[in-house]
Amino acid sequence: MSERPGRAGAAGGGARAPQNPSQAAKVPRPPQSPGRTLKAPQVQQTLRQTEEASQIIRTEKLSKSFGTNAVLKEVTLGIPEKKISAVIGQSGTGKSVLFKTIMGMLKPDQGRVWFRDTELTALKPNDLIAIRRRFGYSFQNAALFDSMTVGENLAFPLREVLRIRDRGEIRRRVAEMLEWIELPAIEAKRPDELSGGMRKRIGVARALIMQPEVLFFDEPTTGLDPVLSETINNLVVRVNRELRITCVMITHDIPAAFRIADKIAFLDQGYIIAEGSPKEVALSKRDMVRNFLRISFSELKVWRNDTLR
Ligand SMILES: Nc1ncnc2c1ncn2[C@@H]1O[C@H](COP(=O)(O)OP(=O)(O)O)[C@@H](O)[C@H]1O
Ligand SMILES: [Mg+2]
């Protein structure tokens, strides 16, 4: 696949400047509560526009424990708007918990989550539900309703969440969506008649039909063979480039993350230990990151050599 046309050079972090943690800590935050005085609101505003306008989501010192299991430890992370970000790291290290906390499915013990200028962690439940409609998510198991056809699966959020009543409009939007994911005219099929890769694409389509501003993918390629994985990775790129949707993915497919992501965050035991453009993360001096990447990329080489021989 060719270099992304819209992507700035990797060196130095590119246009949307994925920040290293020390820079991130210096970025000014939006006003935090009405009672808090800001000494120089205009300066804050200007800085925010130039330095943060590109970040659609930010977490600020997000911590989450389950009993004595401290899973997230002061995670501060920015998600650049209309880019692809990848969260990588070992299994069980808190990646899914981070996603769920950002999306408001889990409540953090401490810290904040911002969506543009709105602090999600300060919203009342109903307001959070409303704003969460701007997020789509595609989880590891596509979780389609097996008792419904593909068409009904896609129509469901239109009817039940967006409350669209016009059957013609629902049919049209479902058909357009299926065409866009290159599975046209399969409305009448049932999920169990489809291959794993097709089900995954329908799962993505069901999230996309709501026209989200941010789409979260939790391990979209886990359990798929390399060819199907490539199809799904390419779909993420199309979602980002053609629909201009901010994509955030958790992935085990490290070579794919380095190929398609604009920003990579490496989570280890609840801490972000490397963050930035693929090049910046690849040059990380942390042993944990270096070993993880060395193993991930050397597996790829072995596989390639075997196939080419
Ligand atoms: N709802 C939950 N209740 C209790 N522990 C949880 C819950 N969800 C996740 N955990 C724990 O949090 C840790 C991180 O899990 P997770 O975020 O799923 O890891 P991964 O990086 O593989 O996505 C694990 O130790 C897991 O057991
Ligand atoms: Mg997970």
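## What "buried" means, and helix H3

A residue is called buried here if 20 or more other C-beta atoms lie within 10 Å of its own, with the C-beta atoms placed from the backbone. By that rule helix H3 of this predicted model is mostly covered, since six of its eight residues are buried. The residues concerned are Lys95, Val97, Leu98, Phe99, Thr101 and Ile102. Following H3 comes glycine 104, and its phi is positive, near 80°.

## The chain as a whole

The protein chain contains eleven helices and ten strands. Of its 309 residues, 34% are buried. When contacts between residues at least 6 apart in sequence are considered, 67% of them join residues that are at least 24 apart.

## The surroundings of ligand 1

Which residues surround ligand 1? The shell is made up of Phe66, Asn69, Val71, Ser91, Gly92, Thr93, Gly94, Lys95, Ser96 and Val97.

## An open sheet of four strands

Strand S2 also takes part in an open sheet, in which four strands follow the order S2-S1-S4-S5 and the pairing is antiparallel. S2 and strand S5 (118-119) stand at the edges with a single partner strand each, so one side of each strand is left without a neighbour in the sheet.

At the S5 end, two bridges join strand S4 (residues 110-115) to S5, and these strands run antiparallel. One residue pair can be picked out here, for tryptophan 114 has glutamate 119 in S5 as its bridge partner.

Is strand S3 (residues 84-88) buried or exposed? Five of its five residues are buried, so the strand is largely enclosed by the rest of the structure. Ile84, Ala86 and Ile88 point one way from S3, whereas Ser85 and Val87 point the other way, and all are buried.

S3 pairs with strand S8 (residues 246-250) in the parallel sense over four bridges, and within this pairing serine 85 stands opposite valine 248 in S8. Four bridges also join S3 to strand S9 (residues 263-268), and these strands run parallel as well; in S9, alanine 265 is the bridge partner of valine 87.

## Helix H8 and its buried face

Helix H8 (residues 226-243) has 18 residues, and from its first C-alpha to its last it reaches 25 Å, which is close to the 26 Å expected at 1.5 Å a residue. Its buried residues include Ser229, Ile232, Asn233, Leu235, Val236, Val239 and Asn240. Seen down the axis of H8, the buried residues fall within an arc of 145°, so they line one face of the helix. The spacing of such residues along a sequence can be understood from a general rule: an α-helix has 3.6 residues a turn, so residues three or four places apart point the same way.

On the other side of H8, Pro226, Val227 and Glu242 are exposed. The buried residues of H8 pack against several elements, namely S3, helix H7 (196-208), strand S7 (214-218), S8 and helix H9 (254-260). Just after H8, arginine 244 takes a positive phi of about 60°.

Note on methods
Residues are numbered from 1 along each chain as its sequence is written. Chains are lettered from A and ligands numbered from 1 in the order in which they are written. This is a predicted model: local features need pLDDT of at least 70, side-chain atom pairs count only at pLDDT 80 or more; totals for chains, interfaces and linings use all residues. A residue is near a molecule or strand if its C-beta atom, placed from the backbone, lies within 6 Å of it. Two strands pair if DSSP finds at least two bridges between them. A residue is buried if 20 or more other C-beta atoms lie within 10 Å of its own, exposed if 12 or fewer, and partly exposed in between; C-beta atoms are placed from the backbone. Two residues are in contact if their C-beta atoms, placed from the backbone, lie within 7 Å. The expected span of a helix is 1.5 Å times one less than its number of residues. The arc is that of the directions from the helix axis to the C-beta atoms.
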